[in-house]
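The following report describes one protein chain for a reader who has the sequence and the coordinates at hand. It begins with a single side chain and its partner and then widens to the rest of the chain.

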Amino acid sequence: MINEEKLTLLLGVLKTYAEQKHCYDREEDSYEYPQQKWDVFDDGADYGEILFARTLLEQIGEKFEYPCMKEND
């Protein structure tokens, strides 16, 4: 795999993560803690991965769609 192919693959994966909804995107008014304690960790891990992908794409000026900006979703 050449460097351009690697970059294209990496950008695709980052966009897939960045365009997902995290716990704060799903809850319109506020985040409610799940009943099971371990589900809070899952929400936090998902939030961190999504935020990291968005931050990386923003830093290099790559365009992606925020899920909260999509209509009828």
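Lys15 is partly exposed, because its relative accessible area of 24% falls between the 20% limit for buried residues and the 50% limit for exposed ones. In this predicted model, Lys15 forms a salt bridge with Glu62, and the closest N and O atoms of the pair are 3.0 Å apart. Lys15 belongs to helix 1 (residues 3–18), whereas Glu62 sits in the segment after helix 3, so the pair ties together parts that are 47 residues apart in sequence. Glu62 also counts as partly exposed, at 26% relative accessibility. The structure holds one salt bridge, which is the pair formed by Lys15 and Glu62.

The accessibility values given for individual residues are set side by side here.

| Residue | Relative accessible area | Class |
|---|---|---|
| Lys15 | 24% | partly exposed |
| Glu62 | 26% | partly exposed |
| Asp43 | 15% | buried |

Helix 1, which carries Lys15, has 16 residues that should span 22 Å at 1.5 Å a residue, and its end C-alpha atoms are 22 Å apart, which agrees with that expectation. The buried residues of this helix are Leu11, Leu14 and Ala18. Seen down the axis of helix 1, these buried residues fall within an arc of 65°, so they line one face of the helix. What covers the buried residues of helix 1 includes helix 3.

Helix 3 (residues 37–59) is also the place of Asp43. When its neighbours within four places in sequence are left aside, Asp43 is in contact with Cys23, Arg26, Tyr31 and Pro34.

For the chain as a whole, there are three helices and zero strands, and the pattern read along the sequence is α-α-α. Of the 73 residues of the protein chain, 19% count as buried. Among the contacts in the chain with a separation of 6 or more, 67% are accounted for by residues 24 or more positions apart. The accessible surface of the protein chain comes to about 6100 Å², and carbon and sulfur atoms contribute 51% of that surface.

Notes:
Residues are numbered from 1 along each chain as its sequence is written. This is a predicted model: local features need pLDDT of at least 70, side-chain atom pairs count only at pLDDT 80 or more; totals for chains, interfaces and linings use all residues. Side-chain values use heavy atoms; hydrogens and water are left out. Helices (H or I, at least four residues) and strands (E, at least two) are DSSP runs, numbered from the N terminus. Buried means under 20% relative accessible area, exposed over 50%, partly exposed in between (1.4 Å probe, protein chains only). Contact means heavy atoms within 4.5 Å. A salt bridge is a side-chain nitrogen of Lys or Arg within 4 Å of a carboxyl oxygen of Asp or Glu. Accessible areas come from the Shrake-Rupley method with a 1.4 Å probe; for residues, only the protein chains shown count as cover. The expected span of a helix is 1.5 Å times one less than its number of residues. The arc is that of the directions from the helix axis to the C-beta atoms.
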